[in-house]
Amino acid sequence: MENEACIQKRYGVISFTSFIIGIICFFTVFITPIRLANIGGMTGGYITLFLTIAGIVLSVIGILKKTEKKMISIISLVFSSSFLIFWVIIITLLLTGEIEWPRRSN
């Protein structure tokens, strides 16, 4: 025990990259002027889905690394999951009747 090297934890490139991707993911899902997801175009949906997957993977890698501090990775995991959180909110609102089901027009 005494001869084990003390590993100093710090924030690394993975933490900051996942945090930046998480912030971009959050903005593209919830901020209306720059919303890419759920506006009817497939390209925006694919970009948001790719950012979500990349952010979640990098966040999990940052959380699992032993030399990495974990706070930024945990925050970026929440931000990167914003696309999934958005759909959970929408489905919950639909099932509780707070918003109406979309109707088809002829």
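From the N terminus on, the elements of this protein chain run α-α-α-α. The chain holds 4 helices and 0 strands; helices (H or I, at least four residues) and strands (E, at least two) are DSSP runs, numbered from the N terminus. This is a predicted model, in which local features need pLDDT of at least 70 and side-chain atom pairs count only at pLDDT 80 or more, while totals for chains, interfaces and linings use all residues. Residues are numbered from 1 along each chain as its sequence is written, and side-chain values use heavy atoms, with hydrogens and water left out.

Of the 106 residues in the protein chain, 25% are buried. Here buried means under 20% relative accessible area, exposed over 50%, and partly exposed in between (1.4 Å probe, protein chains only). Among contacts (heavy atoms within 4.5 Å) between residues at least 6 apart in sequence, 68% join residues at least 24 apart.

**Helix 1**

Let us start with helix 1, residues 13-30. Its 18 residues reach 26 Å from the first C-alpha to the last, close to the 26 Å expected at 1.5 Å a residue; the expected span is 1.5 Å times one less than the number of residues. Buried in helix 1 are Ser15, Ser18, Ile21, Gly22, Cys25, Thr28 and Val29. They cover an arc of only 160° around the axis, which puts them on the same side of helix 1. The arc is that of the directions from the helix axis to the C-beta atoms. Their cover includes helix 2 (42-64), helix 3 (71-80) and helix 4 (82-96).

Which residues does glycine 22 touch, leaving aside its neighbours within four places in sequence? They are Ser76, Phe79 and Ser80. Glycine 22 counts as buried because its relative accessibility is 0%. Its C-alpha atom is separated by 9.8 Å from that of leucine 58, 36 residues apart along the chain.

Two packed helices are described by the angle between their axes and the distance between the axes. Axes are lines fitted to C-alpha atoms, for helices over the stretch in contact, and angles run from 0 to 180 degrees between N-to-C directions.

| Helix pair | Angle | Axis distance |
|---|---|---|
| Helix 1 and helix 3 | roughly 25° | within 8 Å |
| Helix 2 and helix 3 | about 160° | 8 Å |

Helix 2 is therefore roughly antiparallel to helix 3, whereas helix 1 and helix 3 are roughly parallel to each other. Angles under 35 degrees count as roughly parallel, over 145 as roughly antiparallel, 65 to 115 as roughly perpendicular and the rest as oblique.

Where helix 2 meets helix 3, Thr52, Gly55, Ile56, Ser59, Val60, Gly62 and Ile63 face Ser73, Ile74, Ser76, Leu77 and Ser80. In helix 3, the buried residues are Ile72, Ser73, Ser76 and Ser80. Seen down the axis of helix 3, they fall within an arc of 95°, so they line one face of the helix. Helix 1, helix 2 and helix 4 are among the elements covering them.

**Helix 4**

The last stop is helix 4, whose 15 residues reach 21 Å from first C-alpha to last, close to the 21 Å expected at 1.5 Å a residue. Ser82, Phe83, Phe86 and Leu94 are its buried residues. Seen down the axis of helix 4, these fall within an arc of 115°, so they line one face of the helix. They pack against helix 1, helix 2 and helix 3. On the other side of helix 4, Val88, Leu95 and Thr96 are exposed. Just after helix 4, glycine 97 takes a positive phi of about 85°.
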